[in-house]
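Q: Hi, I've got a structure open and I'd like to talk it through. Can we go step by step?

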Amino acid sequence: MTGNETLTATPAGRYSTSRFAGFWTSGLALAVVMAGSSVVSPLYDVYQATWHFSTITLTAIFAVYAASLLAVLLVAGNLSDRVGRRPMMAVAALAEAAAAGVFLAAHGVAALYVGRLLQGVATGAGVGAAGAALLELQPADRPTLGGTVNASGSMGALAVGAVGASALVQYGPAPTRLVFWLLLAVSLLTLGLIAVMPEPVTSGRVEWADLRPRAGVPRAALPDFLVALPALVATWALGGLYFSLGPSIAAELSHSRDALWGGLVIALLTGAGAVAAFGLRSLAPGAAMLRGSAVLAVGSVVTLVGIVTGASWGLLVGSAIAGLGFGTAYLGAFRHLSALAAPAQRGALVASIYVVSYLSFSVPVLVAGTATTAVGLHPVAVVYAAGVISLSALATVLQVTARRRPRRAAAAPAAEAAGL
């Protein structure tokens with residue numbers, strides 16, 4: 001099958017779109033689940049004001065999303081290798097459509113739990129299968145296109161979902177309905193496109209062992225994994241703060257109930273991350289982790305200054321700077337670590353990266369939400385930002401040390417040869 005074909009007959013006599021169209025369908029499937037995961041964030045304040053639930057409940061709703069995502073993700077990677085990419089992407093699109101339906105019918109907090117759980121299923125099923133399909137269906141003459149769309153497209157979709165939803169909530173009709181009608185329509189359209197795209201892998205029989213969660217770090221990769229750990233935790237802990245409490249922080253600093261503020265800070269973080277991931281795609285992974293961690297620390301400092309002084313400009317500028325660090329550090333960490341394992345171990349290692357990322361995404365936020373009820377949003381945000389700064393600084397120091405170590409090791413034989 002060539003990238004120039006428009007339709008290709010399958011052995012079963014049906015027709016599928018070309019590989020190139022399948023590539024972009026996979027990109028759309030990834031974008032839909034990522035954008036869907038962010039459209040709810042600007043609505044949290046609206047739901048909270050309508051149904052009068054606490055910040056602990058808000059963060060628990062967020063944690064349900066992260067927990068279901070992680071549980072499905074650990075199994076979905078194996079399944080997509082067995083049953084194919086299309087079935088798992090179809091499950092993701094169906095779950096996203098079902099989540100949109102739940103939000104459309106929502107009349108209380110229980111629906112928020114169910115809707116976010118379904119969105120976690122959609123994201124967990126979709127990111128691995130769509131990400132793999134992007135690599136398998138990318139044009140042969142553009143071998144980096146799949147990775148670029150995977151990284152920058154995911155973060156760009158998060159930004160579009162957040163700012164688009166907040167604009168519709170603030171200025172469109174039916175603020176808690178219109179965005180989900182649109183999400184439902186796009187999810188169903190994506191499902192139709194998935195049905196006619198080519199299947200990149202040969203499917204096989206599913207064994208019970210394939211349903212077992214897989215995660216693990218090969219012994220040889222463990223030192224590098226530990227060095228990258230602070231960068232992973234810092235980036236995703238910051239992301240968790242923005243996606244759960246970010247709109248509330250923005251509303252407090254801006255002294256405005258305009259929902260666009262909440263979407264804007266999320267869009268600045270993820271949009272800047274998408275730009276960084278695309279613009280620095282040729283940067284070596286180690287250098288990307290080092291520079292990204294340093295920039296993340298700087299952005300978090302600016303954000304902290306904005307929170308402490310009550311200056312909304314500090315939150316906006318800090319979010320954009322931190323986003324540049326977010327995208328660069330995570331892209332570098334993922335590329336560096338995923339290349340350390342043999343093909344048979346890579347799935348387990350990638351699962352470990354996601355485990356760390358999504359635990360960092362959810363657990364600190366759940367703690368922060370509980371603390372907010374006791375001491376208030378402002379002091380919790382200050383402590384949270386300070387924690388991200390400390391982790392980013394540690395990640396920077398570890399990266400500098402790791403980059404110097406090979407040079408010292410290489411210098412030792414040269415010194416011995418010189419008789420030193």
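Predicted model: local features only at pLDDT ≥ 70, side-chain atom pairs only at ≥ 80, totals over all residues.

Q: Which residues make the contact between α1 and α7?
A: From α1 come Thr25, Leu28, Ala29, Val32, Gly36 and Val39. From α7 come Val179, Phe180, Leu183, Val186, Ser187, Thr190, Leu193 and Ile194.

Q: How do the residues of that contact divide into nonpolar, polar and charged?
A: Ten are nonpolar and four are polar. None is charged.

Q: What angle do α1 and α7 pack at?
A: About 160 degrees, with the axes 10 Å apart. Here α1 covers residues 19-39 and α7 covers residues 178-196. Angles over 145 degrees count as roughly antiparallel. Therefore α1 and α7 are roughly antiparallel to each other.

Q: OK, new pair. How far apart are the axes of α5 and α6?
A: Their axes are 7 Å apart. Helix α5 spans residues 109-137, and helix α6 spans residues 145-171. They pack at an angle of about 155 degrees. That makes α5 roughly antiparallel to α6.

Q: And which residues make the contact there?
A: On α5, Gly131, Leu134 and Leu135. On α6, Gly146, Gly147, Val149 and Asn150.

Q: How many of those are nonpolar, polar or charged?
A: The contact of α5 with α6 has three nonpolar residues and four polar ones. No charged residues take part.

Q: Let's switch to charges, then. How many salt bridges does the count come to?
A: One salt bridge. The side chains of Arg85 and Glu136 meet in it, at 2.6 Å from N to O.

Q: Why can side chains pair up like that?
A: Side chains of opposite charge can pair when their charged atoms come close.

Q: Where do Arg85 and Glu136 lie?
A: Arg85 lies in helix α4, residues 85-104, and Glu136 lies in helix α5. So the pair ties together parts that are 51 residues apart in sequence.

Q: Is Arg85 buried or exposed?
A: Buried. Its relative accessibility is 5%, and the cut-off for buried is under 20%.

Q: What about Glu136?
A: Glu136 is partly exposed, with a relative accessible area of 28%.

Q: Moving on. Where does Trp261 lie?
A: In helix α10, residues 259-279. Trp261 counts as partly exposed, at 25% relative accessibility.

Q: What does Trp261 touch?
A: Skip residues up to four places away in sequence. Then Trp261 touches Ala250, Ser254, Ser256, Ser312 and Leu316.

Q: How far is Trp261 from Ala167?
A: In sequence, Trp261 and Ala167 are 94 residues apart. In space they are 9.2 Å apart, C-alpha to C-alpha.

Q: You mentioned Ala250 and Ser254. Which residues are buried in α9?
A: Gly246, Pro247, Ser248, Ile249, Ala250, Ala251, Leu253 and Ser254 are buried in α9. Helix α9 runs over residues 246-254 and is mostly covered, with eight of its nine residues buried.

Q: What comes just after α9?
A: His255 does, and it takes a positive phi of about 55 degrees.

Q: Last one. Is Gln399 buried or exposed?
A: Gln399 is buried, with a relative accessible area of 4%. Gln399 lies in helix α14, residues 377-417.

Q: And which residues is Gln399 in contact with?
A: Leaving out neighbours within four places in sequence, Gln399 is in contact with Val227, Ala228, Gly286, Met289 and Leu290.

How values were computed
Residues numbered from 1 in each chain as written. Heavy atoms only, no water. Axes fitted to C-alpha atoms, helices over the stretch in contact; angles between N-to-C directions. Helix = DSSP H or I, 4+ residues; strand = E, 2+ residues; numbered from the N terminus. Parallel < 35°, antiparallel > 145°, perpendicular 65-115°, else oblique. Contact = heavy atoms within 4.5 Å. Nonpolar A, V, L, I, M, F, W, Y, C, P; charged D, E, K, R; others polar. Buried < 20%, exposed > 50% of the residue type's maximum accessible area, 1.4 Å probe, protein only. Salt bridge = Lys/Arg side-chain N within 4 Å of Asp/Glu carboxyl O.
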